Amino acid sequence: EIENNQMEILMEIEASTNSRYEIDKVRKIVSRFLDMDFSIDYSYGRNRENTRSFKLRKTNRFNTFTRTAYESNSEKLISGDNHTFGEMGNRAFMAISDGMGIGKKANEESSVAIELMEKLMETNMDKATIIKTINSILRSKSDDEIFATLDLGLIDLYTGKLQVFKNGSPPTFIKRRNEV
């Protein structure tokens with residue numbers, strides 16, 4: 001087991017010229033035996049003649065499908081909001097930032113917040129620390145009390161659990177069918 005309740009299995013098998021078939025056969029056996037789906041992460045190549053080393057990792061159980069829509073309210077049709085989304089490893093992320101005010105200035109403020117969040121996510125920094133760091137940087141660049149809001153959502157694609165981190169924004173409501 002590795003961080004975030006993930007699992008990797010390093011394997012070495014005797015393999016013939018049709019090693020892809022044999023590696024997939026081993027993957028199916030391990031998946032059935034451990035009662036969880038595994039995928040072949042990558043092949044290390046041959047250590048010795050007729051030997052193949054490779055890694056299996058837990059397959060994500062969930063996928064995300066993201067669509068966005070936005071509309072500005074004034075000032076040359078420039079929205080003060082910015083967003084981002086994507087996947088890193090077995091986590092999907094989505095974030096939205098609302099710049100203070102309207103128009104170009106608000107758009108620039110929220111754009112900075114999103115760009116900082118993306119760069120900090122790449123470093124695998126703790127998510128709560130990311131929000132605090134962004135908040136500190138934004139406040140140091142402005143005399144205003146609140147510079148931009150930031151909502152960050154993370155979904156573990158194996159467990160399906162959602163974490164929501166918020167900075168200066170109202171509560172999040174999750175709607176499912178007719179429930180809130």
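Q: Which element gives the largest share of the lining of the largest pocket?
A: In this predicted model, strand E4 does, with 5 residues. E4 covers residues 81-88.

Q: Which elements give two or more residues to that lining?
A: Besides E4, they are strand E5 (91-99), strand E6 (148-156) and strand E7 (162-167).

Q: What makes a residue part of the lining, and which residues are closest to the pocket's centre?
A: A lining residue has an atom within 4 Å of a point of the pocket. Here 29 residues line the largest pocket, and the closest to its centre are Thr 66, Thr 84, Met 94, Ala 95 and Ile 96. The space in this pocket comes to about 750 Å³.

Q: How do the lining residues divide into nonpolar, polar and charged?
A: There are 14 nonpolar, 12 polar and 3 charged residues.

Q: What makes E5 and E6 a pair?
A: The same test applies, with at least two bridges needed. E5 and E6 are joined by 9 bridges, again in the antiparallel sense, so they count as paired. Here Arg 91 stands opposite Asp 156 in E6.

Q: What is the order of the strands in the open sheet?
A: The 4 strands run in the order E4-E5-E6-E7, with antiparallel pairing.

Q: Why is one side of E4 and of E7 left without a neighbour in the sheet?
A: Both strands stand at the edges and have a single partner strand each, so one side of each has no neighbour in the sheet. From one strand to the next, the twist averages 10°.

Q: Why is Lys 58 said to sit over the ring of Tyr 158?
A: The cut-off for the distance is within 6 Å of the ring centre, and the charge must also lie within 35 degrees of the ring normal. The charged end of Lys 58 is 4.2 Å from the centre of the Tyr 158 ring and sits over it.

Q: How many aromatic pairs does the structure hold?
A: It holds 0. For a pair, ring centres would have to lie within 6.5 Å.

Methods:
Residues are numbered from 1 along each chain as its sequence is written. This is a predicted model: local features need pLDDT of at least 70, side-chain atom pairs count only at pLDDT 80 or more; totals for chains, interfaces and linings use all residues. Side-chain values use heavy atoms; hydrogens and water are left out. On a 1 Å grid over the protein atoms alone, a cavity is a set of points where a 1.4 Å probe fits but cannot get out, and a pocket is an open set with protein on both sides within 12 Å along at least five of seven lines; lining residues have an atom within 4 Å of a point. Grid points are joined across faces, edges and corners, and a volume is the space filled by probe spheres set on the points. Ala, Val, Leu, Ile, Met, Phe, Trp, Tyr, Cys and Pro count as nonpolar, Asp, Glu, Lys and Arg as charged, and the others, Gly among them, as polar. Rings of Phe, Tyr and Trp (its six-membered ring) pair if their centres lie within 6.5 Å; planes under 30 degrees apart count as stacked, over 60 as edge-to-face and the rest as tilted. Axes are lines fitted to C-alpha atoms, for helices over the stretch in contact, and angles run from 0 to 180 degrees between N-to-C directions.
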